[in-house]
Amino acid sequence: MNYNSLMQRCIDLGNSALGFTYPNPNVGALIFKNGKIIGEGFTGSHGKNHAEINAIESVNHKDDLENSTLFVTLEPCSHYGKTPPCTKKIIESKIKTVVIGCEDPNILVNGSGIEMLKNNNLDVKVGVLEKKCFESLKRFMTFQKKDRPYIILKWAESLDGIISPNNKNDNRPVWISNEISRQLVHKWRSQEHAILVGSKTIDSDNPLLDTRNWNKNNPIKVIIGNPKKKDKNAKYIFDDCDLEIKTITKYLHEKNIQSVLIEGGKKTLDTFINNGIWDEARIFKSQNKMYEGISAPKIIGLKLSEKKIKKDTLSIIKNC
């Protein structure tokens, strides 16, 4: 039994559900017995089964669950919420061994799931591919540990470092990145719980902020300020003066938002950068020049990757 390979499969299963499980984490699980995988699952949408239950339910012959091994990226829950505890079903299924990627820091779990399994004489192994599991669950982990969503900054800039012109003839976006890069942004939007922009961006660009070029799994829209045009489907954060970053993150946390993609404008991006409240930045640089306009934000962090998307260059930067 290759523990790492089987846990990697769980990670892949969880990643395939990214964007569809909020506010629950995108957990992956599988059942292994007699040298083969006999069941797989990932977390369903809010209020639906967790990954462990879906993996158990996928097994054709339920007698095969006895003395099998369950692999799961996150500690099984042990409390009643929208669904019954996963530990209860695991125990009832007579599963012998549970292999867990990382512990659940949620105060409602926080080791109690592991304890319950052990108290019912199951073999429990914790920490297999722990860092990779944590990375796959980084949105949930950040929300639980830092009392705020996982924050991703995103913008596109010209070769000479400009993100938008000083003046425009209409209130539509000026495209800097190419069509493939823009489609990738729609994929990113589908994976995050919310998207956030400032009111000036709404008034200037009237953006749709949706995923029409990917899968139409649209994030929650959050607008800072009081734009002239309102969207009945958006959430608004109002204030008489400039908002403090803590006000924004507190609002998002209270709304149970696990992750947010910040798409501008410059003032909004700078608010997060200057306060050091961000987790990663995704920056497109075009090969075209604009010569004058609003300068792109300045950001310092660890560059995780850089790749070409046609003529655009995409850099992924992590806040250290």
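Among contacts in the chain between residues at least 6 apart in sequence, what percentage join residues at least 24 apart? In this predicted model, the share is 72%.

**Overall architecture**

The secondary structure of the chain consists of ten helices and 15 strands. Of the 320 residues, 52% are buried. The radius of gyration is 22 Å, which agrees with the value near 20 Å that a compact globule of 320 residues would have. Along the principal axes, the C-alpha atoms fill a box of roughly 70 × 40 × 35 Å.

**The second largest pocket**

The second largest pocket has a volume of about 690 Å³. It is lined by 29 residues, of which Glu 135, Lys 138, Tyr 150, Glu 280 and Arg 282 are the closest to its centre. Domain 1 (3-140) and domain 2 (147-318) both contribute to this lining, so the pocket lies between them.

Several helices and strands take part. At least two lining residues come from each of α5 (130-136), α6 (138-146), α7 (179-191), β12 (280-285), β14 (302-309) and β15 (312-318). The greatest contribution is that of α6, with six residues.

The composition of the lining by residue class is given below.

| Class in the lining of the second largest pocket | Number |
|---|---|
| Nonpolar | ten residues |
| Polar | seven residues |

Definitions and conventions
Residues numbered from 1 in each chain as written. Predicted model: local features only at pLDDT ≥ 70, side-chain atom pairs only at ≥ 80, totals over all residues. Heavy atoms only, no water. 1 Å grid on protein atoms, 1.4 Å probe; cavity = no way out; pocket = protein on both sides within 12 Å on 5 of 7 lines; lining within 4 Å. Points joined across faces, edges and corners; volume = space filled by probe spheres on them. Helix = DSSP H or I, 4+ residues; strand = E, 2+ residues; numbered from the N terminus. Nonpolar A, V, L, I, M, F, W, Y, C, P; charged D, E, K, R; others polar. Domains from an automatic or database assignment. Rg over C-alpha atoms; globule rule 2.2 N^0.38 Å. Buried < 20%, exposed > 50% of the residue type's maximum accessible area, 1.4 Å probe, protein only. Contact = heavy atoms within 4.5 Å.
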